[in-house]
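Hi everyone, thanks for making time for this one. I'd like to walk you through a structure, so let me put it up on the screen.

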Amino acid sequence: MRRASHPARRTSDDDQTDRLIRDFPFIQSVRYAFPLAWTVNRRLCTVTAATTLIAAVLTPVLVLALAAAVDQLQSVASAGAIKAGGLYLWLALGGIMVFLMGVATNVRRATERQLSDEISLRMNHEFLSHAAALSLETLELTRTQDAVRRAGNRQGAAVLDVMMGVLNSVAAAVQTVGFVAVLIWIEPFWSALLTLLCIPYLTAQWYLSRSGFRLNRSRTTALRWSGYYSRCLTNFAQIPAIRVMRLVPLLLRRYDDTVNQTLDVSRKLYRLQAVVRSIALLVTLGAIVGVLTIVGRNAIAGEVGLGEFVAFWTAAWRLQSSLTKLAESTSSVFNAHFDIVNLREFMNLGTEDNLDRGIRAPVTGRIECR
């Protein structure tokens with residue numbers, strides 16, 4: 001039988017979560033992550049940002065090169081191979097752009113990995129130094145142990161994810177603007193309406209990230225206890241005493257209870273993500289297919305050329321891909337923002353936001369067992 005959580009404790013946790021969200025807004029995480037990464041290695045930060053933006057800018061330009069190549073191919077088919085020089089030029093330019101995009105992607109991956117290692121080293125050092133400086137009284141608090149659990153998993157990754165999430169979001173936004181520009185150039189009115197698709201995408205990702213932050217915080221204590229029970233049953237130094245005292249059935253039962261609590265939270269989050277993302281995908285695909293149908297009719301009527309239709313078709317589906325990438329990037333940066341909230345909550349222990357504020361009474365020698 002599962003143990004019910006105490007209503008007063010749940011309300012207190014919810015209030016603390018709301019306070020953290022108010023005290024650490026998204027912009028503060030960006031201001032925290034970028035200067036820190038810059039101080040770790042300026043060269044890697046510069047190369048990573050430059051290669052990310054170069055690949056983003058070349059993608060819409062490649063669509064225009066494809067449209068120009070199709071127009072040249074149509075002209076060659078009607079006028080003869082003697083005028084095929086323009087076609088070869090656009091094909092060569094397209095190949096060069098694809099090569100540059102590949103080089104930029106490979107360089108970005110290499111620099112990102114190097115930057116990840118250096119940031120992780122810096123953040124792990126700061127995390128361990130701060131933990132070693134905390135008083136024993138603070139460390140023994142239940143809420144402190146929960147804060148250590150939440151902050152101790154992704155110190156360096158959270159900083160890098162905020163940086164890369166912002167860069168990838170900017171790159172995806174650049175691609176989106178480029179594809180929308182191509183669409184508006186061919187079909188101004190209906191294509192302009194597609195830009196509104198960014199609003200539900202970004203809103204859905206913020207809602208999912210905020211909900212996931214709340215749900216993950218609510219299961220921190222259960223995760224910490226499940227880890228404790230697991231160590232008791234597998235640690236060689238503890239196994240003899242556990243067996244002599246016949247505590248194995250009790251620990252197994254408590255392990256199952258705490259794991260079931262975390263699974264319940266995970267199921268809620270997974271269902272919420274599936275529903276929200278499916279609705280956003282349905283709206284996006286419906287809008288793109290509708291606009292493609294309109295432009296297809298214009299192409300049949302001769303109002304849109306073959307090259308323009310190919311460019312519109314390609315840009316429309318690449319727009320859906322760039323919107324998906326934008327949603328994933330914003331989701332990543334929002335999740336990393338909440339990881340930094342957890343990190344800064346822990347790093348503020350022992351300062352003005354100390355969790356054990358007001359309990360520093362003189363030690364009386366009393367031992368309390370709960």
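One term before we start: when I say two residues are in contact, I mean that they have heavy atoms within 4.5 Å. And please keep in mind that what you see is a predicted model.

With that in hand, let's go to leucine 115. Setting aside neighbours within four places in sequence, leucine 115 is in contact with Ala37, Asn41, Leu44, Cys45, Leu160 and Met163. Leu115 also belongs to the largest nonpolar core, which has 30 residues, and there Leu115, Ile119 and Val162 touch the most other members. Which elements build this core? Those giving two or more residues are α2, α3 (42-79), α4 (85-133), α6 (142-151), α7 (155-186) and α13 (306-347). The biggest contributor is α7, with 8 residues. Apart from this core lies another one, of 19 residues, including Leu183, Leu292, Phe312 and Leu323. As general background, nonpolar side chains in soluble globular proteins tend to be buried together.

Now let's look at α2. Its buried residues are Ser29, Val30, Ala33, Leu36, Ala37 and Val40. Viewed down the axis of α2, these buried residues fall within an arc of 155°, so they line one face of the helix. Arg31 and Thr39 are exposed on the other side of α2. How about the length of α2? With 15 residues at 1.5 Å a residue, α2 should span 21 Å, and the end C-alpha atoms are 22 Å apart, which agrees.

Next, a backbone detail. Arginine 246 sits in the loop between α11 (239-244) and α12 (248-300). Its phi is positive, about 55°, although arginine 246 is not a glycine. For context, most residues other than glycine have a negative phi. Is arginine 246 buried or exposed? Arginine 246 has a relative accessible area of 74%, and the cut-off for exposed is over 50%, so arginine 246 counts as exposed.

Finally, a word on confidence. The protein chain averages a pLDDT of 76, and 82% of the residues score at least 70. Confidence is highest in helix α2 (residues 26-40), at a mean of 86, and lowest in helix α1 (residues 7-23), at 62. Over residues 1-9 the pLDDT stays under 50, and the model has 12 contacts for them beyond four places in sequence. The pLDDT is also below 50 over residues 352-361, a stretch with 18 contacts in the model beyond near neighbours in sequence.

That's my tour, and I'm happy to take questions.

Methods
Residues numbered from 1 in each chain as written. Predicted model: local features only at pLDDT ≥ 70, side-chain atom pairs only at ≥ 80, totals over all residues. Heavy atoms only, no water. pLDDT = per-residue confidence, 0-100. Helix = DSSP H or I, 4+ residues; strand = E, 2+ residues; numbered from the N terminus. Expected span 1.5 Å × (residues − 1). Buried < 20%, exposed > 50% of the residue type's maximum accessible area, 1.4 Å probe, protein only. Arc of directions from axis to C-beta. Core = buried A, V, L, I, M, F, W, Y, C linked by side-chain atoms within 4.5 Å.
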